[in-house]
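Hi,

Here is the structure I promised to pass on to you.

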Amino acid sequence: MAMSETKRNLDGLIEKIEEIPTIPVVSQKVMELSGDEEARFEDFVEIIEKDQALAARILRVANSAFYGFLSRVSSLEHALVILGIDEVRSIVLGCSVYNFFSQSESDAFDRAGFWKHAIICSQVAKLLGTHFNIRNNGSFFLGGLIHDIGKVVLDQYFHEDFVKIIGHVSLTKTTFSKAEKKILGTTHYQIGAKLLKQWRFPDEVVTQILYHHAPWRDENPGPNSSMIYLANVLTKLAGYPCHPDEKQIDLHEFANSSELDFIIKKGFDLDYETIKNLISDIQEFALAEADNVMRLFS
Ligand SMILES: [Fe+2]
Ligand SMILES: [Fe+2]
């Protein structure tokens, strides 16, 4: 029976996710420390310095167009002072997820294209935070970067199913979520949220990932999951989809949708013109910075 087939599939899927190894100790320690009110900058520096590649990467991100500082960020201490602990935590976690999933033998899924979508989305989320003056603790960047991580989990650990999903997306020009539900019975946002919870990522990031396709289901107050939803839509509208064959978003349709009405109610004052202007800002940034930004994490 099709029903029990899906059920068995889901149980196996959950078991397999639980076996995924955890992210490096350094990232776990940084996460722990950032929840410790007594932690000092020196404690962070001490932990991060143990991983020189990570330390170098943090400086590269701090000196990138992501932050646009005028003077050079020359040391970890300096990065912590001007970015703050939460932002540095986000960079550390973003780098560790990127490293965990950057290698791929996959013939089905173009990881470079995937990470381009992800990295631009992280930038868009930051840009939206500034544009709408929505303060947060650095999680917009991180949420944007890893919102689709469930797709890479599927590619790496459930490869055969994922090949079928991509085939279905390409053939019917549908969305990943619809294809995933049809073939797996679950979606990349559920899988991504499960893994990040398992890795003890901050709650607000798990929420962003879980609701990035349906923030109206998120019962928490505030714009948290709406931000990543909107960043993802704008990244696609700017011409950076996660996969070239997925269903395209129509700007006119989106501008007149009930989904956008919801986003507006969440504090994003948007109309057709504003969206168009944001899209050209994103395209301009992506053209100028694409190479630099793509090199940031590797
Ligand atoms: Fe997604
Ligand atoms: Fe996405």
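First, the ground rules. This is a predicted model, in which local features need pLDDT of at least 70 and side-chain atom pairs count only at pLDDT 80 or more, while totals for chains, interfaces and linings use all residues. Residues are numbered from 1 along each chain as its sequence is written, and chains are lettered from A and ligands numbered from 1 in the order in which they are written.

**The whole chain**

The protein chain has 17 helices and zero strands; these are DSSP runs (H or I of at least four residues for helices, E of at least two for strands), numbered from the N terminus. Its C-alpha trace spans about 60 × 45 × 35 Å along the principal axes. The radius of gyration is 19 Å, which agrees with the value near 19 Å for a compact globule of 298 residues; the radius is taken over C-alpha atoms, and the globule rule is 2.2 Å times the number of residues to the power 0.38. Of the 298 residues, 41% are buried. Here a residue is buried if 20 or more other C-beta atoms lie within 10 Å of its own, exposed if 12 or fewer, and partly exposed in between, with C-beta atoms placed from the backbone. Among contacts with a separation of 6 or more, 65% join residues 24 or more positions apart; two residues are in contact if their C-beta atoms, placed from the backbone, lie within 7 Å.

**Two helix pairs**

Helix α7 (residues 111-131) packs on helix α14 (residues 224-237) at an angle of about 125 degrees, with the axes 8 Å apart. That makes α7 oblique to α14. For reference, axes are lines fitted to C-alpha atoms, for helices over the stretch in contact, and angles run from 0 to 180 degrees between N-to-C directions. Angles under 35 degrees count as roughly parallel, over 145 as roughly antiparallel, 65 to 115 as roughly perpendicular and the rest as oblique. The crossing of α7 and α14 is right-handed, a term used if the near helix is turned clockwise from the far one by less than a right angle (left-handed if anticlockwise). On the α7 side, the contact is made by His-117, Ile-120, Cys-121, Val-124, Ala-125 and Leu-128. On the α14 side, the residues include Met-227, Ile-228, Ala-231 and Leu-234. By class, this contact has 10 nonpolar, three polar and no charged residues; Ala, Val, Leu, Ile, Met, Phe, Trp, Tyr, Cys and Pro count as nonpolar, Asp, Glu, Lys and Arg as charged, and the others, Gly among them, as polar.

The second pair is α3 (residues 41-49) with α5 (residues 76-83), at about 130 degrees and with axes 10 Å apart. That makes α3 oblique to α5, and their crossing is right-handed. Phe-41, Phe-44, Val-45, Ile-48 and Glu-49 of α3 meet Leu-76, Glu-77 and Leu-80 of α5. The contact of α3 with α5 divides into six nonpolar, no polar and two charged residues.

**Helix α12**

Helix α12 (residues 188-198) is largely enclosed by the rest of the structure, because eight of its 11 residues are buried. Among them are Tyr-189, Ile-191, Lys-194 and Leu-196. Leu-196 also lies 9.8 Å from Thr-22, C-alpha to C-alpha, although the two are 174 residues apart in sequence. Thr-22 sits in the loop between α1 (2-18) and α2 (25-34) and, with 13 C-beta neighbours inside 10 Å, counts as partly exposed. Just after α12, Arg-200 has a positive phi of about 60 degrees.

**Loops**

Asn-133, in the loop between α7 and α8 (139-146), has a positive phi near 55 degrees. It counts as exposed, with 7 C-beta neighbours inside 10 Å. Lys-173 has a positive phi near 50 degrees and lies in the loop between α10 (159-172) and α11 (176-183). With 11 C-beta neighbours inside 10 Å, Lys-173 counts as exposed.

Ala-108 is in the loop between α6 (85-102) and α7 and is partly exposed, with 16 C-beta neighbours inside 10 Å. Beyond its neighbours within four places in sequence, Ala-108 is in contact with Asp-155, Phe-162, Val-163 and Ile-166.

Best wishes
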